[in-house]
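This report describes the fold of one protein chain.

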Amino acid sequence: MTYEGSCLCGAIAYAVHGEIGDPVMCHCRSCRKASGSAYATNAPVAVTDLRLLRGERCLREYESSPGKLRAFCSTCGTPLYVRWPDNPALVRLRLGTLDTPLGKKPVAHTFATSRADWDVIADALPQYEAREPGR
Ligand SMILES: [Zn+2]
Ligand SMILES: [Zn+2]
């Protein structure tokens, strides 16, 4: 499988040559802040499958909590992925940046109890207090 994605201004583009894992909708405080919205929809991708096609000079990282780096475009602010230097095999990709269809649906809500009071979860997917089990 090959997927492609980019930031809002187009300076950064990437490809994923491999599988994108199960998407979750994360309502935690830092995903709300980083997305400027109710939640972030993320999925795991193997670092070895992720290729930056262009825009490395625009890529910045913000350490939102110790050991957790949020990569974003310094021109347009689009959040692209999260990575953990202590767990270098994996990133969590921001699925809103994909330009190709994903072909699968989210499987759960995470940090559901941290959601904003105006955030209505209107589907029947499992809701977890923190991360999904098994992570
Ligand atoms: Zn950009
Ligand atoms: Zn989160």
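The sections below go through the model by topic.

## Basis of the model

This is a predicted model, in which local features need pLDDT of at least 70, side-chain atom pairs count only at pLDDT 80 or more, and totals for chains, interfaces and linings use all residues. Residues are numbered from 1 along each chain as its sequence is written, while chains are lettered from A and ligands numbered from 1 in the order in which they are written.

## Overall layout

The protein has 1 helix and 10 strands. Helices (H or I, at least four residues) and strands (E, at least two) are DSSP runs, numbered from the N terminus. The order of elements from the N terminus is β-β-β-α-β-β-β-β-β-β-β. The radius of gyration of the protein is 14 Å, close to the 14 Å that the globule rule gives for 135 residues, so the protein is as compact as a globular protein of that length. That radius is taken over C-alpha atoms, and the globule rule is 2.2 Å times the number of residues to the power 0.38.

The C-alpha trace spans about 35 × 30 × 30 Å along its principal axes. Of the 135 residues, 27% are buried. A residue is buried if 20 or more other C-beta atoms lie within 10 Å of its own, exposed if 12 or fewer, and partly exposed in between, with C-beta atoms placed from the backbone. Among contacts between residues at least 6 apart in sequence, 52% join residues at least 24 apart. Two residues are in contact if their C-beta atoms, placed from the backbone, lie within 7 Å.

## The sheet of three strands

An open sheet is formed by 3 strands in the order β1-β2-β5, with antiparallel pairing. Two strands pair if DSSP finds at least two bridges between them. β1 (2-6) and β5 (50-54) are the edge strands, each with a single partner, so one side of each has no neighbour in the sheet. From one strand to the next, the twist averages 25°. Axes for such angles are lines fitted to C-alpha atoms, for helices over the stretch in contact, and the angles run from 0 to 180 degrees between N-to-C directions.

Strand β2 (residues 13-17) and β5 are joined over 4 bridges in the antiparallel sense. Within this pairing, tyrosine 14 has leucine 52 of β5 as its bridge partner.

## The sheet of seven strands

A further open sheet holds 7 strands in the order β6-β7-β8-β9-β4-β3-β10, and its pairing is mixed. β6 (59-65) and β10 (108-110) lie at the edges with a single partner strand each, so one side of each is left without a neighbour in the sheet. The twist averages 30° from one strand to the next. β6 pairs with strand β7 (residues 68-73) in the antiparallel sense over 6 bridges; serine 65 has lysine 68 in β7 as its bridge partner.

Strand β9 (residues 90-94) has 4 of its 5 residues buried. Strand β4 (residues 40-46) runs antiparallel to β9, with 5 bridges joining them, and alanine 43 is bridged to leucine 93 of β9. Strand β8 (residues 79-83) also pairs with β9, in the antiparallel sense over 3 bridges, with arginine 92 in β9 as the bridge partner of valine 82. A hairpin through 6 residues joins β8 to β9.

## Nonpolar cores

In soluble globular proteins, nonpolar side chains tend to be buried together. A nonpolar core is here a set of buried Ala, Val, Leu, Ile, Met, Phe, Trp, Tyr and Cys residues joined through C-beta atoms within 7 Å. The largest such core has 16 residues, of which Ile20, Val45, Leu80, Val91 and Leu93 touch the most other members. At least two residues of this core come from each of β2, β4, β7, β8 and β9, and β8 gives the largest share, 3 residues.

Leaving aside neighbours within four places in sequence, valine 91 is in contact with Val45, Val47, Leu50, Tyr81, Val82 and Arg83. A second, separate core of 9 residues includes Val24, Met25, Cys26 and Ala40.

## Two partly exposed residues

Isoleucine 121 is in the segment after β10 and counts as partly exposed, with 14 C-beta neighbours inside 10 Å. Leaving aside neighbours within four places in sequence, isoleucine 121 is in contact with His109, Ala112 and Gln127. The C-alpha atoms of isoleucine 121 and histidine 109 are separated by 8.6 Å, and the two residues are 12 residues apart along the chain.

Arginine 29 is in helix α1 (residues 29-35). With 13 C-beta neighbours inside 10 Å, arginine 29 counts as partly exposed. Its C-alpha atom is separated by 22 Å from that of aspartate 86, 57 residues apart along the chain.
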